[in-house]
Amino acid sequence: MGLFGEIWVLFSFVIVFAQVGVSNSQNITCNTNDRKALEGLFIGLGSGIELWGSGVNNFTAINCCNLTGVACDSGRVVKLELADRKLTGSIFESLADLDHLKVLNLSQNFLNGTIPSRLFQLQKLEVLDLSFNEFTDSLPVEIDLPSLRVFDVSVNSFKGRIDTGICKNSTRITILNLAINYFQGNIPPGIGNCSSLQRLILNSNLLSGSLPDELFSLRNLSHLLLQENMFSGNLSDRVSNLSNLVQLDVSSNRLSGNLPDAFHNLRKLQQFSAHSNLFANHLPTSLSNCPTLEKLNLRNNSLDGSIDLNCTAMVKLSSLDLGTNRFHGPLPASLGSCRELTAMNLARNVFNSQVPESFKNLHLLSYLSISNSSVHNISATLSILQQCKNLSTLVLTLNFWDEELPADANLSFVSLKALVIANCRLTGSIPQWLFKSNSLQLLDLSWNRLSGSIPDWFGGIKSLFYLDLSNNTLSGQMPKSLTQLQSLVFRNVSLLDSSPDFPLFMKRDQSVRGLRYNQIVSFPPSLDLSYNNLTGTIWPEFGNLKKLHVFDLRSNFLQGSIPSELSGMTSLETLDLSYNNLTGTIPASLAQLSFLSKFAVAYNQLDGRIPTGGQFSTFPPSSFEHNKNLSCLDHSNSCPPDAVHQPEHIKKRHRNIGHVIGMAVGIASGTLLLLTVVFFIVSKANNRTQDDPEHSNIVSMNKDLDVTGSGSVYLFQNKDMITKELSIDDLLKSTNNFDQANIIGCGGFGLVYKAVLPDGRKVAIKRLSGDCGEMDREFQAEVEALSRAQHENLVLLQGFCKCKTDKLLIYSYMENGSLDYWLHEKIDGALSLDWATRLRIAQGAARGLAYLHQSCQPQILHRDVKSSNILLDENFEAHLADFGLARLIDPFQTHVSTDLVGTLGYIPPEYGLASVATFKGDVYSFGVVLLELITGKRPMDMCKPKGCRDLISWVRQMKIEKRETEVFDPFIYDKEHNEEMLLILEIACLCLNECPKVRPSTQQVVTWLDNVNIDWADKTV
């Protein structure tokens, strides 16, 4: 008996129908046929017992008119309303025997399968609501519902073409909602017959073709939602016929041409969204004078000309988004008359003007972005905008070239929570007036030329969790008050809820071209003071910042030792102290930072032994290079070439030679000292210039491949082997000399590039970081491990190459990138992964992991199983990737090391206690991936409220409350196989058991997953 079937069958024999009231208005016995129809519905349901009580064994003794959700008229059932009852199962044909039914509402349940065609023939049915379920297949060709007023099958998995029979026979219909399904093809002829239609909602399907003229004959339409399809052609000027239209959304399609000058007749229009299309030319006059319009979103088109909005007429306009177009001319002063504006995005246009004085009248304005729009006069801009007393988010990036940041003490932004004035080459110092913005949560003044010291008053801004002052010329000591930033100590402030779709500037990742936009809640808690001229020491009290994720002090003039107290920054993911003058040892306590994924102390004067344990075995040698007195064990994977531990007698001999040479060198070194200092300062300035994200490329990515050493390309003999012998020149040509435009990801030890080889084959080339004359151990280990690992669910290593300081790994190319990208990054990516695809991904990844654990010789422990290390080929088959953290182990060993590695959210609890990596740790991490697949959520999100940050704890709590089905991703929670999804949830929870010994082996997981879609009614996990 199955895991859940046994329970369901047990309770199915104990059926009771409740609520026979003392005073019952429905005391007429229901019709026999109706009773049988409801009995058929009950049999079809997988979980309807609690709905109608318990205690009655059959329907013959009850009055079905008294059942919850049932309403009768003269003994006939006329209403069946069972919305949001957590019902599962299918609808039986017998339900169509309720031939007097007027209202059928089964929405927001987990019903699946196909809908009986007879249900679409009920002559008296007025309301049919089956939305938010898991129904599949297509709608019937013949739909005969002459009394129908509401037809809602949204958020299911229907496919095929839209049936026109709805409009042929249901001329009274007022609401037609087919949103979020898989309907294809054109809007069919006959849609105009639905002359009473008020709401037509077709968004988020696969519909294509042009918008038919018939559509614009529906004069009663109030809501027309067509977004997120593939419609093409023009938006017809016949839209003016829709005089009752309140909301029109055609965004995220392929519409082109001019916006029609046809809005003059739309006197009720409140919302118009056409963003992310191909519209061009000017704003139509009728749209610019629409008196009822509240929200206008035309972002990401090719509109040009000036912004001529008549705010005198547009008295209700509250949200305006015209970003990423080609508007030019001065910022229009007329916008200051749009007094109801709360959000305005004008970024990425070309205005060549200053902010008009009239903007001071926008007293309700809360969000404003005019970044990258050639705006000048920052003093006047701030003086004007400070009068917008409700302003909470202000983004002014890439404007005001070479101006001075005003120090006017009279400036005051009392409501400001996010201020971004980055990459403007501003001069001056950090102004005192910022301290008045005591609600500030995010401040980005990076990529400017600000000088002076960092003010001590920053520590008094209690809500500040993101401070980026990088790439300036700030000097002096870091104020100790930064160690007391309350939001980085306790993180007990509520994060700013950003406006929907409102773009914000964020400095790009090192491996990505251009700038990136994010919601404020997505920013990691950060303190970035890199690329300045800061001096002094690192305060030990920085260890108090337990909620800090990124701490970046690289390229300054900091001295002294690295405080061991930094190990108190328990949430830290990035710690960069490189390019300073730090001395002493690297504290061993930093190995306790379990979530540390990037650590750099290169180009300092550190000595002593590089710590072992924790994450340190995962850091490349480049993290430690150019510290002449650092030493490490000769088997350390993090060991730079000049830091291998040497015997004492060799050290003494080197010291004696040093005495002789030192006298000669001493005189010359004194002469060169001044030049060296000057050169170092100039080099730092050049580094800042080269790192500018808008105007040039990152140095490490732009560096040419060093081909002066061995240039041989070694190929392995495997089934995907490259058929032609390759040279280093072939690799250079295939990546355009490793141009960053070809970067497709960042692996455990370096960047990954897409390459097309001379024979046309696509491959992925990982260019490992590090600078060793000999083959680094982590390079050699990965080569040896992967050359032995040959499985259809692993990313195959096809070859490798070493060119002096560069090491290259050649992998099979995965067309669809990572599972993480599809679940969490790609817009609508999760919608593309239906349940069958997600189950297949889980099965494939499990098989790959089981091969590493049990079949590969020698066996391999992955130690970093996560969704970003599961890559998908063109058929969405799963392949485990990134063995940069893998270690070969003997089949008889129970563990391999005491090094704690992994990624936040995937690390097993026992790793923090015993620091022992095991196969069962990989199983735990795979259990987290299973939760990601069925919930669509990240395993950890520190920016969410406390109860929602940890996915595992949340799922466990939902299980305790018997609310398992509520954890499913909405995009699959309405798909087929609900029981299978519950079983995957059980398998995930077994993998996530806190006791490693109780967790299943990977082979058990493979067996269970492969049998999920077989007859699980006779199996248990």
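**Figure 1. Close-up of the salt bridge between R847 and D1010 in the predicted model**. R847 is partly exposed, since its relative accessible area is 25%, and its side chain meets that of D1010 in a salt bridge with an N to O distance of 2.8 Å. Because R847 belongs to helix α12 (residues 835–855) and D1010 to helix α18 (residues 1002–1010), the pair ties together parts that are 163 residues apart in sequence. D1010 also counts as partly exposed, at 29% relative accessibility. The whole structure, which is a predicted model, holds 24 salt bridges according to a search.

**Figure 2. Close-up of the salt bridge between R149 and E126**. The closest N and O atoms of R149 and E126 are 3.1 Å apart. R149 counts as partly exposed, with a relative accessibility of 30%.

**Figure 3. Close-up of a network of salt bridges that links K86, E961, R963 and E966**. Within this group, R963 forms a salt bridge with E961, and the closest N and O atoms of the two are 2.6 Å apart. R963 is partly exposed, with a relative accessible area of 31%, and E961 is partly exposed as well, with a value of 36%. As a general point, side chains of opposite charge can pair when their charged atoms come close.

**Figure 4. Close-up of the disulfide between C167 and C194**. The sulfur atoms of C167 and C194 are 1.9 Å apart, and the link is left-handed, with -105° about the S-S bond. Since C167 sits in helix α3 (residues 165–169) and C194 in the loop between β11 (182–185) and β12 (199–201), the pair ties together parts that are 27 residues apart in sequence. Both cysteines, C167 and C194, are buried.

**Figure 5. Close-up of the disulfide between C311 and C338, one of three disulfides in the structure**. The S to S distance between C311 and C338 is 1.8 Å, and the torsion about their S-S bond is about -80°, so the disulfide is left-handed. C311 counts as buried at 3% relative accessibility, and C338 is buried with a relative accessible area of 1%.

Figure 6. Beyond its neighbours within four places in sequence, L871 is in contact with several residues, among them V795, M814 and H879. The C-alpha atoms of L871 and E815 are separated by 8.6 Å, although these residues are 56 residues apart along the chain.

Methods:
Residues are numbered from 1 along each chain as its sequence is written. This is a predicted model: local features need pLDDT of at least 70, side-chain atom pairs count only at pLDDT 80 or more; totals for chains, interfaces and linings use all residues. Side-chain values use heavy atoms; hydrogens and water are left out. A salt bridge is a side-chain nitrogen of Lys or Arg within 4 Å of a carboxyl oxygen of Asp or Glu. Buried means under 20% relative accessible area, exposed over 50%, partly exposed in between (1.4 Å probe, protein chains only). Helices (H or I, at least four residues) and strands (E, at least two) are DSSP runs, numbered from the N terminus. Contact means heavy atoms within 4.5 Å. A disulfide is a pair of cysteine sulfur atoms within 2.5 Å.
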